[in-house]
Structures are given as C-alpha cells and as structure tokens.
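Please keep the sequence and the structure in view while reading.

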Amino acid sequence: MKKLSVLFGAALLAGTAFAPTARAGDELTITSWGGAYSESQRKAYYEPYVAAGNKITEAEYNGEVAKIKAMVEAKAITWDVIDVDSPTALQACADGALEVIDWAKLGLDKAKFIGSDVSECAVPSIVFGTVFGYDTSKMATGPTSINDLFDLAKFPGKRGLQKNPTVNLEWALIADGVANADVYKVLATPEGVDRAFKKLDTIKSDIVWWEAGAQAPQLLADGQVAMTSAWNGRLQAAIDKDKKPFKIVWDHQGLDWDLWSITKGTPKIEEAYRFIAFASGAAPQAEQTKHIAYGPANSDAIPNVDPSTLPNLPTAPDNMKTAFNIDTQFWADHGDELKERFNAWLAK
Amino acid sequence: MADDVVRTADGIPLKTKLRQAERRELRRALLLIAPLFLFIVMSFLIPILVMLKNAFYDPDLGNNLPQTTELLRQWDGKTLPGEDVFAAFAADLKVASKAKTVARVGKRLNYEIPTLKSKVTVTARKLDKVETGPWMEAVTNADPIWNDVSTWVVVKRAGSAVTPFYLLSALDLKQADDGSIERTPVERRIYVQVLGRTLGISLLVTLCTLVLGYPVAFMLATLPQRTASILMIFVLLPFWTSLLVRTTAWTILLQDGGVMAQFLNISGLTWIANKLGIISGEPHLFKTRFATVLAMTHIQLPFTLLPIYSVMKTISPTYMRAAKSLGATPFHALRTVYVPQTMSGVAAGCLLTFILSLGYFITPALVGGGSDNMIAGFIDTAMNSEGNWGKSSALGFVLLTATLTLYYIYNRLIGIDKMKLG
C-alpha cells in the first residue's frame, strides 16, 4: 500500500510537468514600453476599450526583437499586440514574426496615416523624437545644439545616453560635421562607423547608460547627469506631470514611429484587429496627446489636438528645423553588426 | 545442523536475508527520491544539455540553403565555385524568399562577414526578378561580394550543422579561410576580458563577504542565545527582501548628492580624499566598480555567513578553554585551534558565494558602469537583444566549463566533498 501511494505521487508529479501553460481565455495581451508612454496608452486606448466591454492584459518590454521571434518560433505566443518602433517592425517582419496587416480588415484609410508605408506588418500609432534635455535649475544657460552634447569643456558633467547604437551613432557623426542627408551614407562605410565611435570615445567616460525609457528623466531628476538623451514625450511628461524644470533641446532630433503590430500565429487575431482599429481612430489618437507629447499618426486626429500641446509635439514646425528621420531600412540591414560592435565598445 | 552457515528461522541463509532486506530498503529510498530526481532532470539537466548543444549545433543555415550546402560539401574551397553551386544558391534563395527565411540566412552569415545581411537580402530581392540562368552572372551582378572566395568559404562552413564558430567567438577566436584559428580583430575582442573580469569581481566579493562575515558569524555563535537570536534577525531580514529592491536601495544611497555622498561630505572624508588627491571634487560612487562590489557583497553576505555560522555552532567552547589552559595566548588559540575547525564552513560559504556571484547581471547593470558588465549580462544581451542563441549558449558553455574547472581545483586543494560539516 505504501509503495503504491509513493508510486502514485511520483506519477502525479511527473504528469504536472507536462501540463501546458495556459493564458486567461479571452484577454488580449498588449505589449508596450512602460512608464509615461504606457500610462498615456492606458488613458487614451486601454481604459475606453475595456469600458466598451473588452478584456486587456498589459505587458512590457524594451524593444527586444529576439523575444518576439523566440515566441513565434516556439509557438508559445504570450503577446498578441506589440507596440514596436520601426527598426523592430522591419526586422521582425522580415523574419516572419509579425502578421501582414490587412488595411481593409482594419477599416482604415491607409493614405490618412503618416508612415503607413514604413512596414507592411505594422500600423503607425505615434511619431516620436529622440531629443536631449537638461535641468534648468542646475544649468542657467543650457545647451542649444547637438555639438553641446559632446562639448565637455563648455558643459561639464555626465551625459545620459541610451544603451543602444541607434541615434547615438548618428548624433556622433552629425556633431563631427556630417550633414543630415549624408549621415546614413557615411555610417554605411566601415570608416564612417569608426569615425562615429571615435567621436563617442571623447565623452565615453562621462556617459551614464539608460535602458528603459523611464530611466532618462529619472537620471536627470536625481542630478546624476547634466543632460540626457530621451524620448521627447518622457521628458515632456516629467515637465507637465511632475513639474520638473527640464528643458528639451530639439536640435537634430531623430524622428521615428511607434507602430502597432500583431504577433504571427496569435490565436486572438480578430481581437487584435479590433483593438488596433479602435486605437487608430481620430478621437483616441487626439486623446493620447493630452497625456504624452507624441504626434498622432492619424492625420484626422491633428485638428482635435489641444493647441497648447501643439508646440511640444515632435512634428511642430519649430522643432522640425534640423530633425532627421531615423533610416529604418539602414538599421534593419546593419543593426545586427552595429549592435555587436557597440556592445563590444561598451565593454572595454 | 551440519553446515556452519548461519540461517534464519525459515532456513534461508542470514546473508541472503540481509541482502534482500537491504535491496528492499534501497528500492524504497529510490522510489522516494524518484519525483525529485525526475524534476531535477527535466527542469535542470535537460535544459542545460539543450543549451550546451546549441553552442556547437546550428542546422539553421543548412536547412535554409539545402541544395547549396550539399554542393558546397564537395567544393575544394580554393577557387570560385562552379555554375551548379550558383544555380543551387539562386534556387535556395528563391525558396527562402517565399518562406521569409532570407533574413535568417543573412543574419547567420553576417556574424562572420559584416554587411552580408543586407547583401543577402538585396541579392534575394534581385534574383526574384531573374527567371533563368546563367546564374553565376546573375548572382555576382546582384552583389560583387559573391565573386569572393572567402564569402563562399564562410557559406560552406556555416552550412555544416556541427560548428565550432560560436565556441570560438566566445573565446575571441575565429577561423581564417584556410581553417586555422586566429584571434578576432581588436575592436571585437571582449569575451576573454569579460570572463576575467567576472572571475575577478566574484573573487573580490567572496573575499569581502568572508572578511565581513567571519567575525559576525563568530559573534552569533558565541553570544548567549537571546542576543544571538535578535542579531540573527538582522542578518536574515535583508536576505528575505527581493534582490531587485535591495539593488534599487543601493541606487538611492549611492547616487550623486545622495545619502552616502552627503555623509562623506559632512564627515570630512571628501575633504581628506581631495587633499590626498584620490578624487577631485564631489565623490562619484554611483555607476562604478565600487558600487557593484558593494551591492554584491551586501547581497551575498548571508550566503557566506550562514554556513560558517552553522559550523561554528557545532564547535564546543571547551577546545578554546583547553588551549588557553595549556598556555596559548587567545590569538594563538584562535589561529591554531578554532579557525581550522571552521574551515569546512568557510570553504562551503565561499564556494557558494563565488558561484552565485558568477551569475550576476542585474546588479552590475543597475549600479555598475559600462565597463562592469559581467558575462551573464552578455549572455542576456546575446539572447534577448541580438537573438543569437548560438553565442549565448557558447558563452554559457564557457562559463560552465570555467566554473567546473575552478570547482575541481578547489576540491583538490580543500577536499570539500570529503568534509563532514559538523
């Protein structure tokens, strides 16, 4: 009898090891970047969507393409809708990790969306700019151009930069004298890459690296850095909501999109389409600008944007003077080896 | 009875009966541990073996370019491959284009020759529009890199499923065209340095926890029970707090203008350090090697302390008294009588801390600077942000080998598996 019960216990335990992981039945999992950005999506999209009788679960990530690919390859999809930036969209799409979007099924007019041709696997949501900012209470006369980011003599102190080669390499070349239009041509050559890293070497020991979007304004608020690169909406949220005396420098901001995408093979594809159609509507898009200073992709939403928010958007005419578009095709092609080179450079 | 074999009541020899009883006990014991054993095999052993397999087995390219790989096996590698290889390559690329695996092909080849990812993608796109041969012309027109013998050497090597590529790159080595092993270019050479750094930091943390933990363990073991219990709570309470919370607490303590910096200023230590020339201006403690070691020591302290404490608890105080009564000074008695008895606890605690420290990556990432990234951080980057399973497995393989080698040497020196812990 004792032997039998022991055997039975062993069999039960072994059996539980093979139980498949299950997700709550009808909840749509939406993955985004966290912090103030996710907060704005919560207010503008998730809460109204849930109020209309749908179920949503949120998840967070920092743009790791590998996680999306791993999910698709293992056929264990835990994220249904993913908010991606354009390099991620292109890369994941090329790898077959995202569904191709059927605009007719969405019921939206592709022509009305800025950046709808960035990727066939994604629907643009917002336009954001990578800028840099400083604390006016700590610096009376602050930096005004990208050269100031690399000028340790005029503006001593640590700089915060994202632990990612994107934008950092472009800024290094621009500060080294390359024009906006030639940046990617130069960066495509080995000498150009060396040149960018050499320029970054001049400030390397004074750089504090951030990975999550929320870290950048945090570093500035803690006085850990004199100036930091950040996504403009995160700094603006710190200025508006936390009443921080930050100032954004728009010089040579790097423009990019955040887009909605659907993981390939997700069982909830219908719900995903419904959510994206809802979130891309003119009214919710205009609502999002109330909570974070990102430009809506749906051009129908722009007339509804609060006039006081307009000058803080990356797409405002004053802010667009020296802006450049992040070349997503370049990063989709060269991202892998530049990331490796960047990680190796960091480790030294 | 005539024979002199001892028998039990039912006539069976005692030896046989004993053996049967022992076997029964053994079977019962095995059945009892069977669930745990199965659990460890499935959740621990099998995943590790799969990871190790990924370090040298990568059939991806061979699967995506089947005909090309097959033909390249017979290629000598000296001059450009023939028209048949180019034809197979074009055919494979067309299939890959439809199956959306071109990017994977490009990515794998990109590891060895940078820029190859975009060239493969462009080549596939251009070949989609070409219907018939001659294929050598079509492929080399798409991109001149296909005229290069070294490119095809790389394709041939990447085509074989069993490959030393990842393990070599985890050791900063690579294969030249002729198959000989050489070091990777200077700007990519980091992994050996990082491995050394990881071992160094782990050793430093182990020593710090030992120096800090030994006296505390001694105190806990020798104080009267009530006081010792209260002090034990102080040791265990942080142990029960989440690692991430503790690391974030260090962030707040160590940041510029934070508690630690203010303390240094007020106590005058900053002024002294400035005068001595150690630092100039404000102390910067955050995002430094110092912060990494400090936070790791704090987190690892209970791991070193508790095994030492458990061994010390079993040492009878009469030994020390006997030594002193024979004329030894307290220090001499401590050194020759007490400490050797605690060595098994010290060895166990240090080993535990060292091995755990090797796997740290959150703490160095949060409180350490850019040059404090330990090997686990690179494994994480390779896996999550680069999607390079081969490299992360190879780095894991290297770390595991280094750890096992060190444990073997440690065992020979200290004989830990022969020790009885009290």
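## Two loop residues of chain B

In the loop between which two elements of chain B is Asp172(B) found? In this predicted model, Asp172(B) sits in the loop that runs between α9 (165-170) and β1 (173-175) of chain B. The phi angle of Asp172(B) is near 60°, a positive value in a residue that is not glycine.

Is Lys287(B) buried or exposed? Lys287(B) counts as buried, because 24 C-beta neighbours lie inside 10 Å.

## Overall form of chain B

Chain B contains 20 helices and 2 strands. Its radius of gyration is 31 Å, well over the 22 Å that the globule rule gives for 422 residues, so chain B is more spread out than a compact globule. Along its principal axes the C-alpha trace of chain B spans about 100 × 95 × 35 Å, and buried residues make up 33% of the 422 residues in the chain.

The domain assignment divides chain B into domain 1 (1-57), domain 2 (60-161) and domain 3 (191-418). Between the C-alpha centres of domain 2 of chain B and domain 3 of chain B there is a separation of 51 Å. Of the contacts in chain B with a separation of 6 or more, 67% are accounted for by residues 24 or more positions apart.

## Overall form of chain A

The secondary structure of chain A comes to 14 helices and 10 strands. The radius of gyration of chain A is 22 Å, close to the 20 Å that the globule rule gives for 348 residues, so chain A is as compact as a globular protein of that length. The C-alpha trace of chain A spans about 80 × 50 × 40 Å along its principal axes, and 51% of the 348 residues in chain A are buried. Where contacts in chain A link residues at least 6 apart in sequence, 73% of them join residues at least 24 apart.

## The two domains of chain A

Each domain of chain A is assigned as two stretches of sequence: domain 1 takes 26-127 + 257-318, and domain 2 takes 129-254 + 321-347. Their C-alpha centres lie 25 Å apart, and the contact takes 18 residues from domain 1 of chain A and 19 residues from domain 2 of chain A. On the side of domain 1 that touches domain 2, the elements giving two or more residues are α2 (35-51) and α4 (86-94) of chain A. The largest share of that side, 5 residues, comes from α4(A), and by class the side has 11 nonpolar, 6 polar and 1 charged residues.

## Packing within chain A

Helix α7 (residues 168-175) and helix α9 (residues 190-201) of chain A pack with their axes 8 Å apart, at an angle of about 85°, and are therefore roughly perpendicular to each other. Among the residues making this contact are Leu169(A) and Leu173(A) of α7(A), together with Arg195(A) and Leu200(A) of α9(A). The residues of the contact divide into 6 nonpolar, 2 polar and 2 charged.

Pro124(A) lies in strand β4 (residues 122-135) of chain A and counts as buried, because it has 23 C-beta neighbours inside 10 Å. Leaving aside neighbours within four places in sequence, the residues in contact with Pro124(A) include Phe113(A), Ile114(A), Trp257(A), Leu259(A) and Ala297(A). The C-alpha atom of Pro124(A) is separated by 29 Å from that of Asn343(A), 219 residues apart along the chain.

## Where chain A meets chain B

Between the chains, 34 residues of chain A are in contact with 34 residues of chain B. The elements of chain A that give two or more residues to this side are α1 (2-17), α3 (65-74), β6 (207-210) and α14 (328-347). Which of these elements gives the most? It is α14(A), with 11 residues. The residues on the side of chain A that touches chain B divide into 15 nonpolar, 6 polar and 13 charged.

How values were computed:
Residues numbered from 1 in each chain as written. Chains lettered and ligands numbered in written order. Predicted model: local features only at pLDDT ≥ 70, side-chain atom pairs only at ≥ 80, totals over all residues. Helix = DSSP H or I, 4+ residues; strand = E, 2+ residues; numbered from the N terminus. Rg over C-alpha atoms; globule rule 2.2 N^0.38 Å. Buried ≥ 20, exposed ≤ 12 C-beta atoms within 10 Å, placed from the backbone. Contact = placed C-beta atoms within 7 Å. Nonpolar A, V, L, I, M, F, W, Y, C, P; charged D, E, K, R; others polar. Domains from an automatic or database assignment. Axes fitted to C-alpha atoms, helices over the stretch in contact; angles between N-to-C directions. Parallel < 35°, antiparallel > 145°, perpendicular 65-115°, else oblique.
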